Amino acid sequence: MKNLSLPIRFGIVTSAVLMAYFLILALMGKHTNVFYSLFNGVITGFGIYETIKYTKLQMGKDFGYGKGFMAGITTGFVATILFTIFFAFYSTELDSGFLDELSDVWAKDYSNFQGIVFFTVAIMGFATTLVLTLSFMQLFKTSNNPKK
């Protein structure tokens, strides 16, 4: 559990930044424009990058690909789960008309539109986490090539 404390803390902070960004967009009335959600990848990516970087600094020579990958995945999954819970709470309790505004066509055609949106938010977060973690580990992994 000690090895997961840093990624969990970074995941909580990353989710808090994601929530703050969403609420800022909501204050400006831009939270229904899905193109602003592209910046969520930047926020999540920064959290994952910093987690892997600090894990490598903390572990020193004991740092390996698997440990860095696990740190990045844990951070992203914690952030995604917490943000999805917040998103579900916001869209059902705080602003019940939000999902209808988000997509007028889908909301009328599907009986369980809320579930589809929450599932999509979670899957997008998990996919972003996996891709960014694999990408960042290319920067942090040690080379197996012999030195000349």
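The following exercises, with worked solutions, concern a predicted model.

**Exercise 1. The nonpolar patch**

Determine which residues form the nonpolar patch on the surface, and which helix contributes the largest share.

*Solution.* 
1. The patch on the surface consists of I12, F77, I81, L82 and I85.
2. Together these residues have about 420 Å² of accessible area.
3. Helix α3, residues 65-94, supplies the largest share of the patch, namely four residues.
4. I12 is placed in helix α1, which covers residues 2-28.
5. I12 has a relative accessibility of 44% and is therefore classed as partly exposed, since that class lies between the limits of 20% and 50%.

**Exercise 2. The setting of T80**

*Solution.* 
1. T80 is located in helix α3.
2. When neighbours within four places in sequence are left aside, T80 is in contact with A122, G125, F126 and T129.

**Exercise 3. N3 and K67**

Classify N3 by its relative accessible area, and state how far apart N3 and K67 are in sequence and in space.

*Solution.* 
1. N3 belongs to helix α1.
2. The relative accessible area of N3 is 62%, so N3 is exposed; the cut-off for this class is over 50%.
3. In sequence, N3 and K67 are 64 residues apart.
4. In space, the C-alpha to C-alpha distance between N3 and K67 is 8.6 Å.

Note on methods. Residues are numbered from 1 along each chain as its sequence is written. This is a predicted model: local features need pLDDT of at least 70, side-chain atom pairs count only at pLDDT 80 or more; totals for chains, interfaces and linings use all residues. Side-chain values use heavy atoms; hydrogens and water are left out. Patches are made of residues with over 30% relative accessible area and no salt bridge: like charges are joined within 9 Å, nonpolar side chains (Val, Leu, Ile, Met, Phe, Trp, Tyr) within 5 Å. Accessible areas come from the Shrake-Rupley method with a 1.4 Å probe; for residues, only the protein chains shown count as cover. A salt bridge is a side-chain nitrogen of Lys or Arg within 4 Å of a carboxyl oxygen of Asp or Glu. Helices (H or I, at least four residues) and strands (E, at least two) are DSSP runs, numbered from the N terminus. Buried means under 20% relative accessible area, exposed over 50%, partly exposed in between (1.4 Å probe, protein chains only). Contact means heavy atoms within 4.5 Å.
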